[in-house]
Amino acid sequence: MRQYESDQLTGSRRNGVEYNWYHAVDVLIKQVRVDLPGRAGDPEFHLNTYQGGEGPAVVFCHGFPDLALGWHRQLEVVAASGFRVIAPDMRGYGSSSCPQAVDAYRLDDLTGDIVALLDSLGLEQAVMVGHDWGGFVTWATAVLHPDRVRGVAAGCTPYMPFPDVATHLAVVEGDVERQYVAWFQQEGVAEAYMDAHVSDIVAKIMRTAPPLEELIEAVVVEGKINMNPFKDVQNMPELGEPLLSDAHFAAYVDAYTRTGFRGGINWYRNIDYNKQAWPEVGVQPLHVPCLMLTADRDPALRPEMAADMHKRCGQLEMHNIDKAGHWVQQEQPDVFNQHLLAWLNKHFQ
């Protein structure tokens, strides 16, 4: 492992961009490069991680279009409560390796990165915490590598089979450009547009959630719903309030300007393959402690999608967080952390 320059008081520097952690407590979070040579056929493969604390290991997995930095309101708080926190920039993001091949982002690769990370750190098991795509990876890790997972907590992402591309497309009557998952499928199209509009995407996507009625009014035009917030982003309305500080905004823009969005988009290009190759994910019963935190204003991952999770999760605890949207862990961090810490302390201390 190679440690990057970091400083808890003045902030960390990522390729020249300085940003500060959320300092609720006096715990040092260090930026550490973890080398995993040979993964994706790359002798230089590595994951950029943020680590701190001592105790039972808790791995935080982010989604799209996010970074490990998206957990900045959780890491110090959880570490201060007696846990070892580890948050990687996932494969294809930030300062981690970003393979170009679409098939380098299949579910076995993504969950395999977590296992390889644990192996490199000398950890037999960890509690998994995920959000968005990271949530799906945490649930899948519990299925594909059950001996490595002590428990799973997820923000917004329920334990269920991932809907295939056809399901997403049916919602918009087959109009590919109105549904971002479908739009992402044609290689080279989405990233060509999005890489040219990094600042606009970060500014428009990383925002607090407005009431659902306001969102619906904005995205339904002439009776047709637009479920693609990434295309024509510069003309999208600014709903809610900015979520990121100036320093964090600069860090996100810097990261995606360097890497582009291809890595994250490639996760979506394997949806149908994953569903066929691992049909047990989202279906197979889980017997480890599970925590589901839904958000009442999340327009995509609605709380009702988690309503039947008790049928598949034998030790399930679930809470709905009010006045929070898709970025629940940043919009309502105190409530999110309260539920997460209570669950962690109950089952793993």
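Mentor: Angles under 35 degrees count as roughly parallel, over 145 as roughly antiparallel, 65 to 115 as roughly perpendicular and the rest as oblique. This is a predicted model, where local features need pLDDT of at least 70 and side-chain atom pairs 80 or more, while totals for chains, interfaces and linings use all residues. Residues are numbered from 1 along each chain as its sequence is written, and side-chain values use heavy atoms, with hydrogens and water left out.

Trainee: How are helix 2 and helix 3 oriented to each other?
Mentor: Helices here are DSSP runs (H or I, at least four residues; strands are E, at least two), numbered from the N terminus. Axes are lines fitted to C-alpha atoms, for helices over the stretch in contact, with angles from 0 to 180 degrees between N-to-C directions. Helix 2 (residues 107–120) packs on helix 3 (residues 133–144) at about 85°, the axes being 9 Å apart. Helix 2 and helix 3 are therefore roughly perpendicular.

Trainee: Which residues of helix 3 meet helix 2?
Mentor: Contact means heavy atoms within 4.5 Å. Helix 2 brings L107, L110, T111 and I114, and its partners in helix 3 are F136, V137, A140, T141 and L144.

Trainee: And how are helix 7 and helix 9 oriented?
Mentor: The axes of helix 7 (residues 198–205) and helix 9 (residues 246–259) come within 9 Å, crossing at roughly 135°. So helix 7 and helix 9 are oblique.

Trainee: Which residues of helix 9 make that contact?
Mentor: Helix 7 puts in V198, S199, V202 and A203. On the helix 9 side you'll find F249, Y252, V253, Y256 and T257.

Trainee: What average pLDDT does the protein chain have?
Mentor: pLDDT is the predictor's confidence in each residue, from 0 to 100. At least 70 is scored by 93% of the residues, and the chain average is 92.

Trainee: Where is the cis peptide bond?
Mentor: P65 sits in the loop between strand 6 (57–61) and helix 1 (75–80). With omega near -10°, the cis bond runs from F64 to P65.

Trainee: What is phi of D232 near?
Mentor: D232 is in the loop between strand 11 (224–225) and helix 9. Its phi is positive, in a residue other than glycine, and lies near 60°.
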